[in-house]
Amino acid sequence: MLIFSKKNTKISECFYEHLESVAECYENFEKFFEQLFSEKPDADRLKSIEVAICNCEDEADRQLRRTVDMMKESFLPLTRSNMIAIAQVTDEIANKCESVARQIYLEKIAIPACLNQDILDILKITKGQLA
């Protein structure tokens, strides 16, 4: 957990809200693949999960911009640039979730069944790293 002074509590809250949005986006991404790999994938359910991923990614972007704006007036320059870099790299997770889910849904990409369990395992391991 990052340590913030009392005067930077609002920045801390924004920073962690951004992380929570990215985690929510990833959870939806995992649900997307679980639905995709189910015995009878439901196209409407896939679409609703894809939309949820997009919404979470949009919220993560809004929170990232708010966090960066708030940091412009706080912290020493090196600390500020490091924290912004962490937030931006974290935001890339949400961006990739959105682009992969959208591409699979819109292009109706067929993933070979022999890869399904491996992909689900990788998603679970990755989720553990985000916690």
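Helices (H or I, at least four residues) and strands (E, at least two) are taken as DSSP runs and numbered from the N terminus. The model is predicted, so local features need pLDDT of at least 70 and side-chain atom pairs count only at pLDDT 80 or more, while totals for chains, interfaces and linings use all residues. Residues are numbered from 1 along each chain as its sequence is written, and side-chain values use heavy atoms, with hydrogens and water left out.

Eight salt bridges are found in a search of the whole structure. A salt bridge places a side-chain nitrogen of Lys or Arg within 4 Å of a carboxyl oxygen of Asp or Glu. Arg62 pairs in this way with Glu59, with the closest N and O atoms 2.8 Å apart. Arg62 and Glu59 are three residues apart in helix H2, so about one helical turn separates them. Glu17 bridges to Arg66 at 3.7 Å between the closest N and O atoms. Glu17 belongs to helix H1 and Arg66 to helix H2, so this pair ties together parts that are 49 residues apart in sequence. Lys124 and Glu34 form a further salt bridge, at 3.4 Å between the closest N and O atoms. Lys124 is in helix H4 and Glu34 in helix H1, so parts 90 residues apart in sequence are tied together. Glu30, Glu34, Lys124 and Lys127 are linked in a salt-bridge network.

The largest nonpolar core has 20 residues, of which Phe29, Phe32, Phe33, Leu36 and Ile53 touch the most other members. Such a core is a set of buried Ala, Val, Leu, Ile, Met, Phe, Trp, Tyr and Cys residues joined through side-chain atoms within 4.5 Å. Buried means under 20% relative accessible area, exposed over 50% and partly exposed in between (1.4 Å probe, protein chains only). Helices H1 (9–36), H2 (43–71), H3 (77–107) and H4 (116–130) each give two or more residues to this core. H1 gives the most, with seven residues. Apart from this core lies another, of eight residues, including Ile11, Phe15, Met83 and Ala87.

Five aromatic pairs are present. Rings of Phe, Tyr and Trp (its six-membered ring) pair if their centres lie within 6.5 Å; planes under 30 degrees apart count as stacked, over 60 as edge-to-face and the rest as tilted. Phe15 and Tyr16 pair edge-to-face, at 5.8 Å centre to centre and 85 degrees between the planes. Phe15 is buried at 3% relative accessibility, whereas Tyr16 is partly exposed at 23%. Tyr26, Phe29, Phe32, Phe33 and Phe37 form one aromatic cluster.
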